[in-house]
Amino acid sequence: MAPLPHSPSSGGSPRSLKRSSSGSEWSAVVQRNIKSSLLLLLVISATFAFSILYSSRGLTVGTTASTGEALTQSSLHVALDVSRRVPGDVEDERDEPTVPGDNNVSPEQSTPEDISLPSANSTAAASAAAPNTAHQQKAGVQLEEKCDISRGQWVREPNGPVYTNLTCPMLPDFKNCQKFGKDPGHLYWRWQPDGCELPRFSPERFLDVVRGKRLAFIGDSLARNQMDSLLCLLSQAETPTEVHTDAFDKFGTWHFPAHDFTLMVMWTEFYAHAVPVAGADGKPTATFDIHLDRLGAEWTSRLPGLDYAVISGGNWFFRVNYLWEGGRRVGCVNCGRDANLTDVGVPYAVRRVVRAAVEGIAQCRDCKSSLVTFLRTYSPDHFEHGSWFSGGTCDRKAPLEEGEVSMGSIGWELRRVQSEEVRRVRRSGGKRFGVLDVTKAMMMRADGHPGAHFDSRWMRNGSDCLHWCLPGPVDMWNGVLLQRLAEISPPTTAR
């Protein structure tokens, strides 16, 4: 604040007053000083009043904003319980590579009238999930940061695998590549994530984590591939008892009595209800009618009682298939110029059945509220120079280099679609969902398939470059599964 003008008693010195020639001059000086003082006081008062008014207004706005933010955060906290999300999954879509336009997923176009379970009204779902997304970004800071196991490289592992084809009595012959002459070089590699370690698989630790639990692999023959791998891994610590296997080897149950752990496998090609299309001779063909508004009862009826479910799929869409909704054909996949039908493409079809599966699980009333579901991302084949029965081979002797893998492939696109649908269902709250992101790791393992090294009684004059040798790269999937299970298990259990 500027100093006030001097008052007559303090500002004018006695000597200066004596020099005044008359009383009128004194009076003029006094009047001028009084006017200046009054004017200055008026300015100061106005400034002070304006400051109080402005501060009061700012305080009111700030209080309202704070209150509004608190109310918003409170409502979002109710809408999304962060504790129900599985940690360790990649949430940042900025790292997703750009896929060529030919592989882009078409936007969802169904309406609520077209489908009952799950709802395909994407617009409504997106608007309902928008507040949760904002909270998810805020809440993500509160979660312990986990390593992104999906990104890394294969490095040499001199110790070899946890088990061999001689130490796993339940290893099926059509995946027993060493028995049928495959070079063992593919056994001496391990997946090294960027920035952290994926510990060597410990059968004892896995059984401790799942003590008293029930776990099921749900999907096609690659889900069975992972289940066979886990059986072999765990058998190094405890021999399981086979409880049930159906005649077609599509549904099976094993029990580890010392840990009261039950392991199951459930077959489904598409998650959705699917019926083979009959040919002109009345016999089933390789083509399916896939009902997007109806989940397969064979696996959904077995969900109650599970503690963990691992779902996977996608490979059965690389054939001619027809999509149904509301009792009519609405599209197709790989159907070429089929009259009056739109070929929607594999990514769109996969998106729809994955959405159906995860929403069906999320809405399962008879399932345990604590059920945790993991989606294992797409696993590609590595056929070269042909396919199953047309001269296809997969004779590589070592993993591919990262530069040899195309991140613009259909396999990478399916991984993106699957991951997006898991993120979408997690925003709805409820049951917990996670991702076992193995696509990049498996895209590099062209050396890990049986090729021609399997029991010819299973398939004659063919080459298998889709499934994985046991032991082999597929064992890494269960290493990732153990890591995820350990992250969500109580510390006293995961030891």
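Colleague: Which hand does the disulfide of Cys168 and Cys232 have, and why?
Modeller: In this predicted model, the torsion about the S-S bond of Cys168 and Cys232 is about -75 degrees, so the disulfide is left-handed. The two cysteines belong to distant parts of the chain, since Cys168 sits in the loop between strand E1 (152–156) and strand E2 (189–193), while Cys232 is in helix H6, and they are 64 residues apart.

Colleague: How far apart are the sulfur atoms of Cys168 and Cys232?
Modeller: The sulfur atoms of Cys168 and Cys232 are 2.0 Å apart. As a reminder, a disulfide is a covalent bond that joins the sulfur atoms of two cysteines.

Colleague: Are Cys168 and Cys232 buried or exposed?
Modeller: Cys168 and Cys232 are both buried.

Colleague: How many disulfides does the structure hold?
Modeller: There are five disulfides in the structure, and one of them is formed by Cys177 and Cys469, with sulfur atoms 2.0 Å apart. That pair also links distant parts of the chain, with Cys177 in the loop between E1 and E2 and Cys469 in the loop between helix H10 (439–443) and helix H11 (475–488), 292 residues apart.

Colleague: And why does Cys469 count as buried?
Modeller: Cys469 counts as buried because its relative accessibility is 0%, and the cut-off for buried is under 20% relative accessible area. Cys177 is buried as well, with a relative accessible area of 0%.

Colleague: What is the torsion about the S-S bond of Cys394 and Cys465?
Modeller: For Cys394 and Cys465 the torsion is about -90 degrees, so this disulfide is left-handed. Here Cys394 lies in the loop between strand E12 (372–376) and H9, whereas Cys465 lies in the loop between H10 and H11, which puts the two 71 residues apart. Their sulfur atoms are 2.2 Å apart, and both Cys394 and Cys465 are buried.

Colleague: Switching topic, how much space lies in the largest pocket?
Modeller: The largest pocket holds about 1000 Å³ of space. It is lined by 39 residues, and the closest to its centre are Ser221, Asn315, Trp388, Leu466 and His467.

Colleague: Which helix gives the most to that lining?
Modeller: Helix H6 gives the most to the lining of the largest pocket, with four residues. Helix H6 (221–234) and helix H9 (410–426) each supply at least two residues of that lining, and H6 is also the helix that holds Cys232.

Colleague: How many of the lining residues are nonpolar, polar and charged?
Modeller: The lining of the largest pocket has 21 nonpolar residues, eight polar residues and 10 charged residues.

Note on methods
Residues numbered from 1 in each chain as written. Predicted model: local features only at pLDDT ≥ 70, side-chain atom pairs only at ≥ 80, totals over all residues. Heavy atoms only, no water. 1 Å grid on protein atoms, 1.4 Å probe; cavity = no way out; pocket = protein on both sides within 12 Å on 5 of 7 lines; lining within 4 Å. Points joined across faces, edges and corners; volume = space filled by probe spheres on them. Nonpolar A, V, L, I, M, F, W, Y, C, P; charged D, E, K, R; others polar. Disulfide = S-S within 2.5 Å. Buried < 20%, exposed > 50% of the residue type's maximum accessible area, 1.4 Å probe, protein only.
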